[in-house]
Amino acid sequence: MPMMNLAAVFAAIAQASWNRTKLFMVRDTVVLPALGFLGILLLWWGVALLRRDLMPTPWEALLSNLDFILHPFYQRGPGDLGVGWLLLASLRRVLIGFGLGAIVAIPIGFLVGMSRPMMLALNPVIQIFKPVSPLAWLPIALAIFNLADPSAIFVIFVTSLWPTIINTALGVSSVSQDYIDVARVLEMPKWRQVIKIILPASLPYIFTGLRISLGIAWLVIVAVEMLTGGIGIGFFVWDEWSRLNLSSVFLAVFIIGITGLLLDFAMGQLQAWVTHRRPVNS
Amino acid sequence: MVKSSLQTNGIHGDRSTPTEFLVIENLTKSYRNPDGSEFVVLDNISLTVQENEFVSLIGHSGCGKSTLLKMVAGLERPTSGLLTLEGKAIRKPGAERMMVFQHYSLLPWLTVRENIRLAVDEVLDRASHAEKSQIVNEHLAMVNLTAAANKYPDEISGGMKQRVGIARALAIRPKMLLMDEPFGALDALTRGKLQREVLNIWEANRQAVMMVTHDVDEALYMSDRIVMLTNGPHAQIGEILEVPFPHPRDRATLREDPLYYELRNHVLNFLDQHFGD
């Protein structure tokens, strides 16, 4: 009987401690993040109540945005499209520009990482162009293309170049000499070393560069669209502000934020899928 | 290019005699210091290794024994002197002189099987797909890794990683096996077990082996000759010790042999004598 009691006590302790862990998990994944958002909403609400003329309260903003939220893909004539369409237009520009950027930046990163003369030739160029706001390229792009859409894509392309080049070069140049020695002992030709050893070894770095590039590209597209106009979430922000419709701007801020988060998450998933596994530190 | 690791005595005797397999002649390796002076690591090393001989290089850390092995591998170039394998000068790395690396050097994005397969694909490029698979499977079985074949290097222990390194080296059928402190990063129990396994494989299939070590017992247990290097800089071969115990060797029997302790003390005395000079 005492054994039974002991077992029951242990079971109760185990149950209690499991309940405690579950409680902590709920707290860490649901309660605390929700509290953060609640704080921001309360701050917004407070400011809006103190200065009624300044901005709508969250509740008013939600009500006036209901049409946008419930019908994201409406088409009510040329130029009058739901935010879903605007978002897709912006995403299209970002993905085309980012994709072209990656296609150019990854090989350049390999050249810079593998060849010292290339590094010496290209590093100053990269260091000078990297701190330039991508928006400064917009007038040049407009002069070249004479059209808003290709110019926006070009700016995103330029934006995507630098972090990807720098991180790829870093990854390529820091491939462990041990791996290279294995390839050399196996008499692997240089081009096959690039494909079978250097590329897989530097994939984590390449993806870091791509994630940074995509993040900045998503930041930049909003500003670019404000300047170029046309269809897109960035122009939506500017357009609604011109109509003094601040509620929709708040909506756009949330949409842009959530989309950026999803883009980064998708990039992370792509990395896990391509590299098959989490990056290891050995 | 592909040649069986089994004995092939007497087939190649063009320039050197058949037993002189690897020849190292007056080998010197030096680096240039930043101030322009010369830093001599290895000074005038001469050594021959026979084609079915297990040779150990022993010496204090920094004496250049790994550098010597890397020059035989072709990963580093000698400053002066001559290195030949079967009469042909060694100028670059080659799969005929396969390395087993101290820190395993497995590619972390490939599974155990894929790591071995990569080497087989690269070197035995004329073999058919089925032959290659069979070679990989044979060598996985040889080092008892069949069950772990689809694991990634970070999912297996150090001893298992080095088994992969050994299987990868043997799978491409090198003429000579170079091992750079192959058991140095393993715990004592795993080390003893793996020494036994490697010796078993070697005793069944003798070939030229050069192993760098700083473990006197390991050198005595495994090798036919122990090459003792003096301390660097200007490291030279201080002495070469013949280990007369016949193969196959048994550790327990060796431990009962007074000669074993005599040789052991001899090597230890050599190392003590050259400590810090």
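In helix α3 of chain B, the buried residues are Lys132(B), Ile135(B), Val136(B), His139(B) and Leu140(B). Buried here means under 20% relative accessible area, with exposed over 50% and partly exposed in between, using a 1.4 Å probe and protein chains only. Looking down the axis of α3(B), these residues fall within an arc of 135°, so they line one face of the helix; the arc is that of the directions from the helix axis to the C-beta atoms.

Some ground rules. This is a predicted model, in which local features need pLDDT of at least 70 and side-chain atom pairs count only at pLDDT 80 or more, while totals for chains, interfaces and linings use all residues. Residues are numbered from 1 along each chain as its sequence is written, chains are lettered from A and ligands numbered from 1 in the order in which they are written, and side-chain values use heavy atoms, leaving out hydrogens and water. Helices (H or I, at least four residues) and strands (E, at least two) are DSSP runs, numbered from the N terminus.

Back to α3(B), residues 129-142. Its 14 residues at 1.5 Å a residue should span 20 Å, and the end C-alpha atoms are 20 Å apart, which agrees. The expected span is 1.5 Å times one less than the number of residues. The cover over its buried residues includes α2 (112-123) and α4 (158-171) of chain B. Take His139(B): at 6% relative accessibility, it counts as buried. Leaving out residues up to four places away in sequence, His139(B) touches Ala167(B), Leu170(B) and Ala171(B), where contact means heavy atoms within 4.5 Å. Just after the helix, Asn144(B) has a positive phi of about 60°.

Now the sheets. Two strands pair if DSSP finds at least two bridges between them. An open sheet of four strands in chain B has the order β2-β1-β4-β5, with antiparallel pairing. At its edges stand β2 (38-49) and β5 (88-89) of chain B, each with a single partner strand, so one side of each has no neighbour in the sheet. Strand β1 (residues 22-32) is joined to β2(B) by eight bridges, and Lys29(B) is opposite Leu42(B).

The other open sheet has six strands with mixed pairing, in the order β6-β7-β8-β3-β9-β10 of chain B. Here β6 and β10 (237-242) are the edge strands, each with a single partner, so one side of each is left without a neighbour in the sheet. From one strand to the next, the twist averages 20°. Axes are lines fitted to C-alpha atoms, for helices over the stretch in contact, and angles run from 0 to 180 degrees between N-to-C directions.

How enclosed is β7(B), residues 176-180? Five of its five residues are buried, so the strand is largely enclosed by the rest of the structure. Met176(B), Leu178(B) and Asp180(B) point one way, and Leu177(B) and Met179(B) the other. Asp180(B) stands opposite Val212(B) in β8(B).

Finally, the core. The largest nonpolar core holds 146 residues, and among those touching the most other members are Trp218(A), Leu22(B) and Met176(B). Such a core is a set of buried Ala, Val, Leu, Ile, Met, Phe, Trp, Tyr and Cys residues joined through side-chain atoms within 4.5 Å. Helix α9 (residues 190-228) of chain A gives its largest share, 14 residues.
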